[in-house]
Amino acid sequence: MKIVKNIILSGVILAAGSATIAHAEKVPAVFTGNGLEVAYNSHGLWNDRSVGQGMDFNGIPISYPGNPWQQVSIAYNDSDQFLGNSTYYCWGLQVPVVGYVGGSGFGNIGSTTVWNAGNMRVMKEESWYQNGNIMKIDVVVTNEDHRDVENFIFMHAVDPDQDHPGYDEFRTYNDVMPSGNLVMSSGHHTRLTTSYGVCDQKRQDVGHTRWKTDPDGEFEDQNFAYKDDTMHIRHREKLIKAGETIRFTFVFFVSNGVLSALHDYETAIAKACKPTPRVNVAGSYSYETLEARESEALSIVISEKDFTYALEKEVMLNSIKNLDDAKELGIKIGTPIARDNKVDVIGRDQLAPPASLRY
């Protein structure tokens, strides 16, 4: 991924006196119904409320149609928190989403967004192949302060709702693989499975929550429970020195079933998780040595335990014809939420930041 080119581009935009772009581009600009497609808002998140779309896969909305929920939360020094989803933003926007087509990054479709979270400059690049199902998410963080930063946290989350179109169902079967490297939400009707996969098993963790926006909140392994909850991935850095830039990667993908999700993760480990070679830019930015991170990323392998577990859940999912079948299998069934009162049931206080975090 041509990180350097984007940093230079951002600098040119800012130097020209245009700290923001007029609008967010959809990537691709027209929804074709093939593969992953995102309707970004102007803050680079998967929720363009003006058109009621967020993340789609083969024309099927993956997040709540009409008001898609996707969360990014940033924190450091155990107190500063910067949050954003479909209804609020607590960071300073430096460069809104800029879509690109033509080979940059992992595949030929992508976008770049830059946020200011206090003294931290956070650049998010998402890239995938046209008509593909695996997205690579690269995050480049620069500590622009003269002081070191401790306990940096970046959390990314989405509300999987792939069964809503045609079935009016918001719940999914939610689970984490035994390795802890892969979290998934499978549709009861469509069997579509959305997943986050780690590219750094030492610094990243995954799970589900009940709509938590706190980047340091506790994640759950719901053991294939059938609930309308949110799916999360998180990256932690103990220390980012003054002036230092770090880079990390994780993956998001949509698959046709649980076993397919595990296979797609294996593909992602080999292709998308491999870090970009070390880059040094004279003057403004220099990237830390990535050899250690590269060896960690490439050391992730699909374990026999994960494969056996995924096969068990695939067989289980295919055997479930109705929720009575699920109950007989011992699956925990969450309360259904109707379309018209989904936000009210979740609680509007959970969709907005505490007053102390509003800037």
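Guide: The answers below take up helices, strands, salt bridges and backbone angles in turn. This is a predicted model, in which local features need pLDDT of at least 70 and side-chain atom pairs count only at pLDDT 80 or more, while totals for chains, interfaces and linings use all residues. Residues are numbered from 1 along each chain as its sequence is written, and side-chain values use heavy atoms, with hydrogens and water left out.

Visitor: Why are H3 and H5 called roughly antiparallel to each other?

Guide: Helix H3 covers residues 258-271 and helix H5 covers residues 304-319; helices (H or I, at least four residues) and strands (E, at least two) are DSSP runs, numbered from the N terminus. Their axes come within 7 Å and cross at roughly 150°. Axes are lines fitted to C-alpha atoms, for helices over the stretch in contact, and the angles run from 0 to 180 degrees between N-to-C directions. Angles under 35 degrees count as roughly parallel, over 145 as roughly antiparallel, 65 to 115 as roughly perpendicular and the rest as oblique. H3 and H5 are therefore roughly antiparallel.

Visitor: Which residues of H3 and H5 meet?

Guide: From H3, Val258, Leu259 and Leu262 take part; they meet Asp306, Phe307, Ala310, Leu311, Lys313, Glu314 and Leu317 of H5. Contact here means heavy atoms within 4.5 Å. The residues of this contact comprise 7 nonpolar, no polar and 3 charged. In this division Ala, Val, Leu, Ile, Met, Phe, Trp, Tyr, Cys and Pro count as nonpolar, Asp, Glu, Lys and Arg as charged, and the others, Gly among them, as polar.

Visitor: What makes strand E7 largely enclosed by the rest of the structure?

Guide: Of the 9 residues of E7 (residues 109-117), 8 are buried, so the strand is largely enclosed. Buried means under 20% relative accessible area, exposed over 50%, and partly exposed in between (1.4 Å probe, protein chains only). Strand E16 (residues 230-240) is likewise described as largely enclosed, because 8 of its 11 residues are buried.

Visitor: How do you know that E7 pairs with strand E6 and strand E8?

Guide: Two strands pair if DSSP finds at least two bridges between them. Strand E6 (residues 92-101) is joined to E7 by 7 bridges, and the two run antiparallel; Gly92 has Asn116 of E7 as its bridge partner. With strand E8 (residues 120-128), E7 pairs in the antiparallel sense over 9 bridges, and Val114 has Met123 of E8 as its partner. The hairpin of E7 and E8 has 2 residues between the strands, and Gly118 there takes a positive phi near 65°.

Visitor: With which strands does E16 pair?

Guide: Strand E10 (residues 149-158) is joined to E16 by 9 bridges and runs antiparallel to E16; Phe154 has His235 of E16 as its bridge partner. E14 also pairs with E16 in the antiparallel sense, over 6 bridges, and Thr209 stands opposite Thr230 in E16.

Visitor: Why are strand E1 and strand E3 called edge strands?

Guide: An open sheet is formed by 3 strands in the order E1-E2-E3, with antiparallel pairing. E1 (36-38) and E3 (60-61) each pair on one side only, and they are the edge strands.

Visitor: What makes Asp138 and Lys136 a salt bridge?

Guide: A salt bridge is a side-chain nitrogen of Lys or Arg within 4 Å of a carboxyl oxygen of Asp or Glu. The closest N and O atoms of Asp138 and Lys136 are 3.8 Å apart, so the pair meets this limit. Asp138 is buried at a relative accessible area of 1%, and Lys136 is buried at 6%.

Visitor: Is Arg203 buried or partly exposed?

Guide: Arg203 has a relative accessible area of 24% and is therefore partly exposed. Arg203 forms a salt bridge with Glu237, the closest N and O atoms being 3.7 Å apart. This pair links distant parts of the chain, 34 residues apart: Arg203 lies in the loop between strand E13 (192-198) and strand E14 (204-209), and Glu237 in E16. Glu237, at 6% relative accessibility, counts as buried.

Visitor: What is noted about phi of Trp211?

Guide: Phi of Trp211 is near 65°, a positive value in a residue other than glycine. Trp211 lies in the loop between E14 and strand E15 (225-227), and its relative accessible area of 3% makes it buried.
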